[in-house]
2 protein chains.
Amino acid sequence: MQRNGVMECTACRSRLVAPSPRSVSRAYDKHHNKITSKFRALKFLLVVGDCMLVGLQPILVFMSKVDGKFQFSPISVNFLTEVAKVIFAIVMLIIQSRKQKVGEKPLLARSTLIQAARNNVLLAVPALLYAINNYLKFIMQLYFNPSTVKMLSNLKVLVIAVLLKFIMRRRFSVIQWEALALLLIGISINQLRTAPAGDTAFGLPITAIAYIYTLIFVTVPSLASVYNEYAMKSQDTSIYLQNLFLYGYGAIFNFLGILGTALFQGPENFNILQGHSRATMFLICNNAAQGILSSFFFKYADTILKKYSSTVATIFTGLASAAFLGHTLTINFLLGISVVFISMHQFFSPIAKVKGDKPGELLELQDTQNHRHLILLL
Amino acid sequence: MQRNGVMECTACRSRLVAPSPRSVSRAYDKHHNKITSKFRALKFLLVVGDCMLVGLQPILVFMSKVDGKFQFSPISVNFLTEVAKVIFAIVMLIIQSRKQKVGEKPLLARSTLIQAARNNVLLAVPALLYAINNYLKFIMQLYFNPSTVKMLSNLKVLVIAVLLKFIMRRRFSVIQWEALALLLIGISINQLRTAPAGDTAFGLPITAIAYIYTLIFVTVPSLASVYNEYAMKSQDTSIYLQNLFLYGYGAIFNFLGILGTALFQGPENFNILQGHSRATMFLICNNAAQGILSSFFFKYADTILKKYSSTVATIFTGLASAAFLGHTLTINFLLGISVVFISMHQFFSPIAKVKGDKPGELLELQDTQNHRHLILLL
């Protein structure tokens, strides 16, 4: 963070005189190539992994159904997913702590854990928002039909961008705003076909309550993602520790949710493992893996790349089902994916980049005592 | 035209040593502001006029029908339109020649006319292509249903851009190419609704002849427009004289077409005025006015601005019919016009402009003898 020419290191809270733009740029250039190519490889792996997991999802959902219906309570899936993520975080923490060199702060020491827990208390916010969102999804289906819900979900892209602008102080160029609008439009065009025939007229119910629910439905998960990105990036804690807290909070909030429904709707909701099969376990593992990948997106890339990645995954699923299952490609789909690809090219095109420093990027600087500092450009 | 550092004035064929980039830019800057604001006002008027005429079209078509059918031969409309345009050109020529100052080359002198006719022989090419296109429109309807024809027509935008690149040597930036693709996609999305329900699958007939007809159907009118722009801009003849030749050639080719059909299909096709009413006369005048406006577009603006202008006109017609006739706006329409407006903003955005000189623009230079030369940047 930079205030009046003084920067504070997010790791050790030491204060540094802000380097002149030139020295920043020199320090930046020095590490830039190394960091850039490493970051690029990481981002590429994130996108590929995300595409595979998102592509696997519909197959697992199909396999989890018995006679076309789910036998298990959907709330239990969220809780079990969070538990799976906590287990993964603990395993990764143990592996990482064994790999540590002598002299490094031990990851699993009591003092490290307490300090990390204190620094990352912010992660409770996205965890709570995600838990609320899981509950909202059910409510929304009371007010809108599923295809309208799907359409409204697309608005998240723009809400996320607005929140990134205000929470993360990210600047977007006009071309990038237009690219995001195009992404929203492209996804919507793709979905036009899935809407029932004749239902193409803009038939939103006009009740005030529906508008309010829409606003909440779109804002809550967007805020969760952006706040998650903010919380992950603003602390220099190891991502494995951050994951532990994030998923821990998630498990707690979801457990409270189950407890609540058990209290109000009877204790039969409390049987978490009822109706699960091997296929649903795979589904839960897939959900968990997607969640874990999200953390890496938020820490090392951003929410928008995550959105693009999911969209590309959906497109590939469509193309694959056309190639292998003989589904016909509709003209909607072809027009929609063209818009999405143009949008993607424009968003990441160098010409669209805002000039100046890149907010949201991590800058690695060395001070006079040769301590390394990671500085988040805000 | 510039070859090996020597430029030839397109008006008087005198050769000039090409000015250094700096002196071009100085000469350019000097006239730039004056020319730019004049051109901008002209372009604005062109777009507004075009929007009004295109918007009036469906009303006049509706009024021209008797019991839902046309009573007149469609070929006769083309011929009568060309005749109306010739009359307009002559009237304008007479008005212009009366306004001429002493010492100016008289517009209606025999020598001026002969030289202009010789210089503008190129205009016969677009006139012939337009006449062929009018005939092709009928043939296309044998192979495709009207909504497919409408969809295929959208491809013209891209074909025009490719032709502008190769004939007019216009350079487009990547963003501009993407903007043109978006225009094509936006118009197509608008039209999805007009396709009969269930017909959204990409159902083109796969016969080779259909592909060839499509290629011709899309290329001929695009080539006509681009060649028209080239012919209008490459000669420094007064636009009123150029119009006279363009429309004259048009009338001749259309008359030959009528003569041909009369020969092959019997003399009843020769009765040009049969079945016309006052409404059809208005329709013909509207067609003629659109044609005349096109010439001004080609001379002072370009084919792409014309395309955008027509698209905006269609959008306003849709919005107006929603506002006044209570038609519901479909979600297709809303998504489509969003894409079109983003495309338009991107195409004309300064960030999308190709750096360097602007091909296709007219440069006004003075030589050492203080003669003014108009040079077309190629």
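Copies are superposed by least squares on the C-alpha atoms of residues with pLDDT of at least 70 in both. On that basis, chain A can be laid on chain B with an RMSD of 0.0 Å, by a turn of 180° and a shift of 0.0 Å along the axis. The two copies are thus related as by a two-fold rotation axis. Do keep in mind that this is a predicted model. Here is a quick tour of how the two chains meet.

**Who touches whom**

- On chain A, 25 residues are in contact with 25 residues of chain B.
- Of the interface residues of chain A, 100% are also interface residues in chain B, so the copies meet through the same surface.

**Buried area**

- The size of an interface is often given as the accessible area lost when the parts come together.
- Between chain A and chain B, about 2500 Å² is buried, and carbon and sulfur atoms give 75% of that area.
- Three residues, Ile331(A), Leu335(A) and Ile351(A), supply 20% of what chain A buries against chain B, which is more than any other three residues.

**Polar and charged links**

- Five residue pairs are in polar contact between chain A and chain B, counting pairs with both residues at pLDDT 80 or more.
- The salt bridge count between chain A and chain B, by contrast, is zero.

**What the chain A side is made of**

- Helix H7 (174-192) and helix H12 (331-348) are the elements of chain A that give two or more residues to the side touching chain B.
- By residue class, this side of chain A divides into 16 nonpolar, seven polar and two charged residues.

Definitions and conventions:
Residues numbered from 1 in each chain as written. Chains lettered and ligands numbered in written order. Predicted model: local features only at pLDDT ≥ 70, side-chain atom pairs only at ≥ 80, totals over all residues. Heavy atoms only, no water. Contact = heavy atoms within 4.5 Å. Buried area = accessible area lost by both parts, 1.4 Å probe. Salt bridge = Lys/Arg side-chain N within 4 Å of Asp/Glu carboxyl O. Polar contact = N/O pair within 3.5 Å; in protein donor to acceptor, adjacent residues only side chain to side chain. Helix = DSSP H or I, 4+ residues; strand = E, 2+ residues; numbered from the N terminus. Nonpolar A, V, L, I, M, F, W, Y, C, P; charged D, E, K, R; others polar.
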